[in-house]
Amino acid sequence: MTQLLNVLIGLAMGLNLAALGTGRLPSLIRIAAVQGMLLGVMPLVIEREPSVLLLLIALATIIIKGLVIPSLLRRAMRTANIDRDLDPLISFVPSLLLGAAGMIGAVALAQRLPLLPEHHESLLVAGSLALVFTGLLLLIGRSKAISQVCGYLILENGIYLFGLLLIHSVPLLVEGGILLDLTVAVFVIGIIVDRIQRTFDTLDTRKLTVLRE
Amino acid sequence: MNELLLILVPLLAAGLAAAWPDNHTRPWFLPVAGVAHACLAFGFLLKPPAAPFHEWFGYDPLARAILPAVSLLFLGCAFYGVPYLRLRSERSNRVFVPAFLASLGLISAAHMARHLGVLWIATETVTLCSVPSLHFNNTPRAFEATWKYLLVGGTGVALSLLGSFCLGYASLHGGGSGDLTFAGLTARGEELSRSWVLIAWVLLLVGYGTKMGLAPMHTWKPDAYGEAPGIVGAMLAGGVTTVAFTALLRVRAVVEAAGESAVANRTLLVIGLFSTLVAALFLLSTRDFKRMLAYSSIEHMGILSLGAAIGGAGLWAALFHVWNNSLTKGALFLSAGNIRRAAGGRTIDEVSGMGLRTPASAGLFLAGTLAITACPPFGPFFSELLIVRSALATGHGWAAAVLLACLLLAFLGLTRVVFAIVYGRPRTSSRQLEGKFRETTAVIVPPLVLLLAALGLGLAAPQVLREAWTAAVNQLSPVP
């Protein structure tokens, strides 16, 4: 069981590098979507005999992270009429190298942290740290609003991965609420993206520099 | 169970307001819900419920010590909101009024939350609810501010969720059940895994510190406060920030129970002093009087964090300071809104001589500035004096010295801007706008009442409030 879970987490971590290396927004959105779906499957792998509620949560995660949010983002992308993030603040090769270094750092850090015996073999903590790091890197390093939203999604994915450690103890109600928040957040961000585009005629957040001292 | 009304009444009012068809009468939902909420909050202040009614929610001593201040501030903003939205009748308020009401309900929920996950959900939804109110002005500048608010605030909120999970894992690692209620975590404090508690503390401090606007996570604040309408700025500065402060206090209590209070206090002390310093330096250079209020807010968040770090009498003074800061900031934001509308500008290059054009608002703004820079006999003077005294009494002499130096710099920075605006000759450009805005009673009384409340707290803080603050201090750090 841990083996299968680790394979899934490894795939999610590999997608990080793909996300850092691409400048095409459709691929970035697809990567975030696939990563979200992988995450949605994980609770079913962890629990040998999943309850109906758990099945529903997994299904909701897959639908929201894998279908709803990407389609919202694609719509924002089409209205904004852009599909590339050509000149990021941190360009692709350095961000790939940073991402790879971050991944190694995450694995090393996870081994030094005190873990419960049943989590020693799993990559949950390492994967979660790597995803959070990649998300932050995309948030800081990219200049287009949609890439930053994708970075935020990967950050949230990392946090969700950490939340799986607590799957037996955190009431599912809380997890449901968290999922809901994510959707609303992206929905709101989508509206704002639309408005920025209409007002500034660009999605380049570097142009948002009127407000400063 | 009646405490639940504090959350439900504003949310219900928000729902009704969303369905209400008439743009002109819809703003009246604000004062109606405000009065009901204030009656409930002060009723529970006078007659506290015996025990929290649920393990996830409850009007416990900490909520009792802070929530009435937010309720009072909201009441002031609500009465100001009616004439304000009448002035802005060209814009639909169908989204603004419900969002503003819902944020009051969610702020109440966050204050009453006794579970890490519930607290997080409430804080996140408060953030999202403030978005429509923030870009009410619909200008490119407002969108820029909203985008920064979402991006920085969203990242902060995400990190605080990770911190909450880490705290849960600390409990799981210590043999607990991963129970995320504050009572449960504090009771098993000894068994929590120390390293996970420290990781959680760092993440939660960064996360909720972003929401509170502590430096260096404060970057969204000047933009958001500068662009938001006055009533929204007042609720952000005096309401939403208190949510993050309560959250940090509750988490600090868990860290203390885990035996790591020294680390928590040291980080709070450093980040608090750093915030006051950064704010004081920016106050010396800003030329915009609404952004000035944001830096002043950062300064006061730093003072709160310092008070919490000192603990005991310092914490008591910090709770006192929450009231003073919320009420005075309310008066400042509302009077600044009047000046801004009358002058048509917001920097000292565009605005001057407002003492002649809008004498009442300018007078209130000046008095409010003196209050917030800790001039006696206003409340902030006494709470800051108490914080300095408790810092000296606990051997934090250098911290008190830095704080006093920063307060002096902030005083210079604030008075520099405010005197430039209030005195001098009215500009010709602002004379052309004459007749667009009139100082009516409706826009003067709310800030006046808030300022008088801050004055009243300074002259004689009611006994019941003093008891409420003592009870909250006892709840957070129980004397063995």
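I began with α6(A), which has 19 residues and reaches 27 Å from its first C-alpha to its last, close to the 27 Å expected at 1.5 Å a residue; the expected span of a helix is taken as 1.5 Å times one less than its number of residues. Helices here (H or I, at least four residues) and strands (E, at least two) are DSSP runs, numbered from the N terminus. I noted that the model is a predicted one, in which local features need pLDDT of at least 70 and side-chain atom pairs count only at pLDDT 80 or more, while totals for chains, interfaces and linings use all residues. Residues are numbered from 1 along each chain as its sequence is written, and chains are lettered from A and ligands numbered from 1 in the order in which they are written.

I then looked up burial in α6(A), with a residue called buried if 20 or more other C-beta atoms lie within 10 Å of its own, exposed if 12 or fewer, and partly exposed in between, the C-beta atoms being placed from the backbone. By that count 19 of the 19 residues of α6(A) are buried, so this helix is largely enclosed by the rest of the structure.

**Chain A**

I counted seven helices and zero strands in chain A. Of its 213 residues, 44% count as buried. For contacts I used C-beta atoms, placed from the backbone, that lie within 7 Å; among contacts in chain A between residues at least 6 apart in sequence, 75% join residues at least 24 apart.

I next checked α3(A), residues 52–80, whose 29 residues should span 42 Å at 1.5 Å a residue, and I found its end C-alpha atoms 41 Å apart, which agrees. The buried residues of α3(A) include A:Ile57, A:Lys65, A:Gly66, A:Pro70 and A:Met77. After α3(A) comes A:Asn81, whose phi is positive, near 60°.

I also looked at A:Glu118, which lies in the loop between α4 (92–112) and α5 of chain A. A:Glu118 counts as exposed because it has 9 C-beta neighbours inside 10 Å. From A:Glu118 to A:Ile29 I noted 34 Å, C-alpha to C-alpha, and a separation of 89 residues in sequence.

**Where the chains touch**

I found 34 residues of chain A in contact with 36 residues of chain B. On the side of chain A that touches chain B, α5 (124–141), α6 (145–163) and α7 (172–200) of chain A each supply at least two residues, and α7(A) gives the most, with 13 residues. The residues on this side of chain A divide into 24 nonpolar, six polar and four charged, with Ala, Val, Leu, Ile, Met, Phe, Trp, Tyr, Cys and Pro counted as nonpolar, Asp, Glu, Lys and Arg as charged, and the others, Gly among them, as polar.

**Chain B**

I counted 20 helices and zero strands in chain B. The radius of gyration of chain B is 21 Å, close to the 23 Å that the globule rule gives for 480 residues, so chain B is as compact as a globular protein of that length; the radius is taken over C-alpha atoms, and the rule is 2.2 Å times the number of residues to the power 0.38. Along its principal axes the C-alpha trace of chain B spans about 70 × 55 × 40 Å, and buried residues make up 63% of the 480 residues.

I looked for nonpolar cores, meaning sets of buried Ala, Val, Leu, Ile, Met, Phe, Trp, Tyr and Cys residues joined through C-beta atoms within 7 Å. Of the 238 residues in the largest one, B:Leu73, B:Leu101, B:Leu162 and B:Leu319 touch the most other members, and helix α6 (residues 140–173) of chain B gives the most to this core, with 19 residues. Not counting residues up to four places away in sequence, B:Leu101 touches residues including B:Pro10, B:Phe29 and B:Leu30.

Last, I checked the backbone for exceptions. Most residues other than glycine have a negative phi, and most peptide bonds are trans. The bond from B:Ala215 to B:Pro216 is cis, with omega near 0°, and B:Pro216 is found in the loop between α8 (194–212) and α9 (220–227) of chain B. The bond from B:Pro376 to B:Pro377 is also cis, with omega near 5°, and B:Pro377 is found in the loop between α15 (359–372) and α16 (379–393) of chain B. B:Ala374, placed in the loop between α15 and α16 of chain B, has a positive phi of about 65° although it is not a glycine, and B:Ala374 counts as buried because it has 21 C-beta neighbours inside 10 Å.

Note on methods:
Contact = placed C-beta atoms within 7 Å.
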